Amino acid sequence: MCKLSGVWAGWTITDQALISPTGRKYKPSDIEPEVYTQSDLAKALGVTRGAIADRVRRGTLPPFDEGKTWRRETIQHLFK
């Protein structure tokens, strides 16, 4: 655990979170959203990249959020 100083006084960093002075925990994905490429999504779902590319072509996946990536919030329904 690391205690911070200066403008960050009162904040704490652990290996799992950034903790505010009020005790609220922030995960890395709260600060910078998790994004998935086609390859990342294929690996996460246990399918081939080609299967993801096919779904993109057929329109059975949501459109990309930025560039060729999805934010986790956009595709979280796929992980249930």
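In this predicted model, Ser 20 sits in the loop that links strand E3 (18-19) to strand E4 (25-26). Beyond its sequence neighbours within four places, Ser 20 makes contact with Gly 10, Trp 11 and Tyr 26.

Four aromatic pairs are found in the structure. In one of them, Trp 8 and Trp 11 have ring centres 5.4 Å apart and planes at 80 degrees, so this pair is edge-to-face. Trp 8 itself is partly exposed, at 43% relative accessibility. Phe 64 and Trp 70 make a tilted pair, with ring centres 4.5 Å apart and planes at 35 degrees. Here Phe 64 is partly exposed at 24%, whereas Trp 70 is buried at 0%.

Trp 70 also belongs to the largest nonpolar core, a set of eight residues that includes Tyr 36, Leu 41, Ala 42 and Leu 78. Leu 78 touches Leu 41, Leu 45, Arg 55 and Leu 61, residues up to four places away in sequence being left out.

Helix H2 (residues 38-45) has Gln 38, Leu 41 and Ala 42 buried. Viewed down the H2 axis, these buried residues fall within an arc of 100 degrees, so they line one face of the helix. Their cover includes strand E5 (35-36), helix H3 (49-58), strand E6 (70-71) and helix H4 (72-75). Just past H2, Gly 46 adopts a positive phi of about 70 degrees. Elsewhere, Arg 72 lies over the face of Phe 79, 4.2 Å from the ring centre.

Note on methods
Residues are numbered from 1 along each chain as its sequence is written. This is a predicted model: local features need pLDDT of at least 70, side-chain atom pairs count only at pLDDT 80 or more; totals for chains, interfaces and linings use all residues. Side-chain values use heavy atoms; hydrogens and water are left out. A nonpolar core is a set of buried Ala, Val, Leu, Ile, Met, Phe, Trp, Tyr and Cys residues joined through side-chain atoms within 4.5 Å. Buried means under 20% relative accessible area, exposed over 50%, partly exposed in between (1.4 Å probe, protein chains only). Contact means heavy atoms within 4.5 Å. Helices (H or I, at least four residues) and strands (E, at least two) are DSSP runs, numbered from the N terminus. The arc is that of the directions from the helix axis to the C-beta atoms. Rings of Phe, Tyr and Trp (its six-membered ring) pair if their centres lie within 6.5 Å; planes under 30 degrees apart count as stacked, over 60 as edge-to-face and the rest as tilted. A charge sits over a ring if NZ of Lys or CZ of Arg is within 6 Å of the ring centre and within 35 degrees of the ring normal.
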